[in-house]
Amino acid sequence: MEDSNEEWVMVKPISDKDLWNPSSFSNEPDKKALKVRFNGAAKHWTDALPIGNGRLGAMVWGGISSETINLNDDTLWTGVPGNYTNPDAPEALSEVRKLVDDGKYAEATTEAVKLSGKPSDVYQLLGDINLEFDHDLAAYDDKTYERELDLDSATVEVKYSVGEIEFTREHFASYPDQVIVAKISGSKSGSLSFTASLSSKLQYNSYVNDQKQIIIEGPCPGQRKPPTLNAENDDKPKGIQFSAILDLQISDGTGTISVLEEKKLKVEGCDWAVLLLVASSSFKGPFINPSDSKIDPTSECLNTLKSLRNFSYSELYARHVDDYQKLFHRVSLELSKSSVSVTGDEPSLTVTTAERVKSFKTDEDPSLIELLFQYGRYLLISCSRPGTQPANLQGIWNDKVEPPWDGAPHLNINLQMNYWPSLSCNLHECQEPLFDYISSLSVNGAKTAKVNYEASGWVTHQVSDIWAKTSPDRGEAVWALWPMGGAWLCTHLWEHYTYTMNKDFLAKKAYPLLEGCTSFLLDWLIEGRGGYLETNPSTSPEHMFVAPDGKPASVSYSTTMDISIIKEVFTAIVSAAEVLGKTTSDLIQRVLKAQPRLPPTKIARDGSILEWAQDFEDPEVHHRHVSHLFGLFPGHTITVEKTPDLCKAADYTLTKRGEEGPGWSTTWKAALWARLHNSEHAYRMVKHLFDLVDPDRESDYEGGLYSNLFTAHPPFQIDANFGFCAAIAEMLVQSTMKDLYLLPALPRDKWSNGSVKGLKARGNMKVSILWKEGGLHEFGLWLSTNSDLKNSEEQQNSTRVHYRGSSITTKLSSGKVYTFNKQLRCIKTASLLDLSFHL
C-alpha cells in the first residue's frame, strides 16, 4: 500500500454485548474470569476438560508424567445406511387401533411391540494422544499445578513446576483450520523431552511416515455391535473408515525428533513443541454406503496439514480465538446478590470449580450461575457448527466404544433441548447442523411414513443416528412407539424464523420440511371420539399408566403431548404460509379445517394437566418426563396471559411431579416454572442442579454436575448443559412476535443486581437489561443487522414491552439502539453504524 498522509483506523466488529452501555453501567470489560479450574490431573473422564471445533473434540486430562488427550470425530459411527421400513406394520397398526378403540389398552401395548424396529447405530470414539514426559517426579511440586478451561478463549491450559522449571501446555480446537492444537513448553531452554503416540480402542493400524508424522487408520464397525479387535470380518459390511495424523513441530535449533520402533516419536531437549492433530473419515452422508465413498481419509488429513504449514502457532491461535469470540462474545451475564457491585468479587484462584459446586447449596454464589450459563454456550459452539453433525447425546465427547444409550440423538426431548439455547442465547448459526439433519430425516422418513403407516409426508420416531434412522426403536412401546419426533423438530424451523426473520431460510429450508411433516400429521390424525380428530396409537414418552381394568399400559389415544405438538406445527405452517403468500394451498386449507377439531388441553380431577386423553391412574407421579407440559414450554399454547386456568393447572402439575429427576428434567422444569413467571420455583430447580456427582458412585445420584461441569443424568448427558442456558434466558427475557417480557422470573433476592447483554428475542431483536436492587433500571433494544443475517427483512418492529404489570408499545427501526429507563420510556437512541466504528 502506498504512503498516504491520511490516518487509518482499524475497525473491529463490535460484539452484541458491547452495543449497549448505559451511563449508569461500567464501560470496563467484563471483570470475572470465566474459567473451569482444577488443582490436579483428571482421575476420571468427567474430570477432563473438553475442547471442540464442532467436528473434532478432545478431552484434556492434564497428567504430569503421562498425559492422555481423548479424541472424537463426529462422523465416527457404527453401521451403514439402513432400511427403515416395515411392510408388516400396517396390519399391526390396524390391530393396535382396534384394541385401543375397544379400551383394551394393556393388550394394545403388547401388540404395539410389532410396530417397533431395530436399534440405532452407535457413536464411536476416535482415539487418544498419549504423551510420556521425562520429568524428575521427585522434584515435582503439586502445589504449583493448575489446569483450567478459559471460556473466553476456548483454551485449556495446564501449568506445573518440576524443580525450577515451569511447564505449560495450551490446547485448543480450531474451527477455521479444522485442527486440534497443543503447545507444550518449558521455562528453561532444552528442558522439554517426551514420547508421543496415537492409539484407539477401535481396530487400527499405526505407522510413522517419512515426515515423522504418526498416522492411525482404521474402520468403524460395519455393524452395530463392535466386533472383537483383530477378528476376521470379511463377511461383515464395511463401515466408516477413519484416519488421524499427529504432526510435531519443535523449537528451531533446539531439540530433536526421532522415530521409535514401537511407532512412537521421541522428542528430546527442546524449548517447545507444537502438536497438530487432524482427522478425517470416509463418511459422505447418510445415504452413501461407506464402501461406495470415494473419500480417502489419510489424503484428506495430509491436505489439511499442508494447508496449515503457512501458519505459525500464534497465527493458528489468533484465527481460532477470533472465530470463536465472534460467537461467544455476543452475550454477557453478570449477577450479584449485593448492591456493592454488579461484577462482584473474583473467585479465589485457589478454589476449584468442583469446590464451588459443593459449596453452592450454602453460598449460592451467583458467579457460578454465570459460569455454567456461559459454559453451555461454549459447549454448543464447540460441538455444533455449520457443516458438522448435530450435537448428539454427549455433544461430541465420548470415551467408550459402547456409550450410554449408544450416544444416539433422542428425539423425545434430548436432541431438541440441545438446541434450546441456540436462538435465545444468540448462537443461531450453531443450529444449522440440526436443519441439515432434519432434511436427511425427511428423506428416510418419507419411506417410513409410506410403508409403515400408508401416509404421505415424512415421520421419524424416538431415536436416530448418523444414518438418519426414522423407524421406531426396538422394544417396548412405552419408548419405541412415538411418531412425533420429526414434528417436534419441525417446531425449531419456525422458531428459527421468528428469531431471525430470515425469509429466505423460511422459503427454501423451513417451509418444504414443514409441508412434509404436516402432510404426515394430517394423514396420521383419524376420526375419533366426540367429533375430534385423534392420534391412535399414542404414548406419552417413556411413561406408563394404569388402565381402567387395573393393568399397566402405555398405549392409548391422543396424549396431551401428541396434540400439543400437532397444534404447534399447524400454527407454525399457517403462520409461515401467511408470510410466504401460500395460504390458499390445499394443504393449508386442510390444516385450517383440522385445527378446530383437535382436542383441547384438559384438566384432571385433581387439578393437574391431563397427560393422557382419559384420567388414567398414574403409577409414577414423580416421573422424569413432563411431556404433557409441552404446550407451556417449549410450546406456546399455554400462556400466562391467554390461558390462566391452564397455567394454574400447570403449576400444580409441576408441584405434583416434584423436583427430583435427571439433569435434563431439572432444567426443563426450570424453564417451565420460568414460563409461569414463578421466579422462586425456577430458581429452586436451578439450585437443584448444583449437586457434585462422584463418578465412583454415580448411580447414587439423580441429576447433578460432574467436576468439569458436564451435566449428569447420570451418566453424562449434555442436554442439561444446554437446557440450563435456555432456562436462565427464559428467567430474564421472554418473547412472542409481538410481546417482550423483561425479567419475568428474576429471583430478586438471589440476583438483586445484574445485567444481561445480547440475548435474542423473537422479531430479530437483541435485548440488554440492567437491574438494581431487584428491579429494572435500564434496558436496550435493537434489531439485528448481522451480515450473516443479510437475508433478514429490513424491519420496522412494533413491540409491546411488559414489566411487572406495566406495558408500552414501541416501534424499532433497523440500525438503531434504543435505551429505555425503568419507567419504560425511551431516553436515548444511537446509530449502530456509529457504534460499529468504535475500536
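The mean pLDDT of the protein is 93, with 93% of its residues reaching 70 or more. Confidence is under 50 over residues 1-11, a stretch for which the model has five contacts beyond four places in sequence. The pLDDT is likewise below 50 over residues 26-30, and this stretch has five contacts in the model once near neighbours in sequence are set aside. Where pLDDT is low, the predicted coordinates should not be read in detail.

The largest pocket has a volume of about 1,300 Å³, and its lining is made up of 50 residues, of which His636, Ser735, Thr736, Met737 and Arg762 lie nearest the centre. By class, this lining comprises 21 polar, 16 nonpolar and 13 charged residues. Several elements each supply at least two residues of the lining, namely the helices H8 (421-424), H11 (485-500), H13 (560-580) and H18 (719-732), together with the strands E22 (733-735), E23 (739-742) and E27 (796-803). The element that gives the most to the lining of the largest pocket is H11, with six residues.

In helix H5, which spans residues 353-363, the buried residues are Thr353, Ala354, Arg356, Val357 and Phe360. Because these residues cover an arc of only 160 degrees around the axis, they lie on the same side of H5. The exposed residues Lys358 and Thr362 are carried by the face of H5 turned away from its buried side, whereas the cover over the buried residues of H5 includes strand E1 (35-38), helix H6 (366-383) and helix H17 (679-688). H5 is followed by glutamate 364, for which phi is positive, near 45 degrees.

In helix H14, formed by residues 586-594, the buried residues are Leu587, Ile588, Val591 and Ala594.

Most residues other than glycine have a negative phi, and most peptide bonds are trans. The peptide bond from asparagine 536 to proline 537 is cis, with omega near 5 degrees, and proline 537 is placed in the loop between E19 and strand E20 (545-546). A cis peptide bond also joins phenylalanine 633 and proline 634, where omega is about 10 degrees; proline 634 is situated in the loop between H14 and helix H15 (644-657).

Positive phi values occur at residues other than glycine. Alanine 154, in the loop between strand E6 (140-150) and strand E7 (155-162), has a positive phi of about 55 degrees, and its relative accessibility of 5% places alanine 154 among the buried residues. Methionine 501, in the loop between H11 and H12, has a positive phi near 55 degrees and is buried, with a relative accessible area of 9%.

Isoleucine 14 lies in the segment before E1 and is partly exposed, with a relative accessible area of 25%. Although isoleucine 14 and leucine 832 are 818 residues apart in sequence, their C-alpha atoms are 9.7 Å apart in space. Lysine 238 is found in the loop between strand E12 (214-219) and strand E13 (241-250), where it is partly exposed, with a relative accessible area of 45%. Lysine 238 and glutamate 262 are 24 residues apart in sequence, yet the distance from C-alpha to C-alpha is 28 Å. With neighbours within four places in sequence left aside, lysine 238 is in contact with Val80, Gly222, Asn289, Pro290 and Ser291.

Notes:
Residues are numbered from 1 along each chain as its sequence is written. This is a predicted model: local features need pLDDT of at least 70, side-chain atom pairs count only at pLDDT 80 or more; totals for chains, interfaces and linings use all residues. Side-chain values use heavy atoms; hydrogens and water are left out. On a 1 Å grid over the protein atoms alone, a cavity is a set of points where a 1.4 Å probe fits but cannot get out, and a pocket is an open set with protein on both sides within 12 Å along at least five of seven lines; lining residues have an atom within 4 Å of a point. Grid points are joined across faces, edges and corners, and a volume is the space filled by probe spheres set on the points. Helices (H or I, at least four residues) and strands (E, at least two) are DSSP runs, numbered from the N terminus. Ala, Val, Leu, Ile, Met, Phe, Trp, Tyr, Cys and Pro count as nonpolar, Asp, Glu, Lys and Arg as charged, and the others, Gly among them, as polar. pLDDT is the predictor's confidence in each residue, from 0 to 100. Contact means heavy atoms within 4.5 Å. Buried means under 20% relative accessible area, exposed over 50%, partly exposed in between (1.4 Å probe, protein chains only). The arc is that of the directions from the helix axis to the C-beta atoms.
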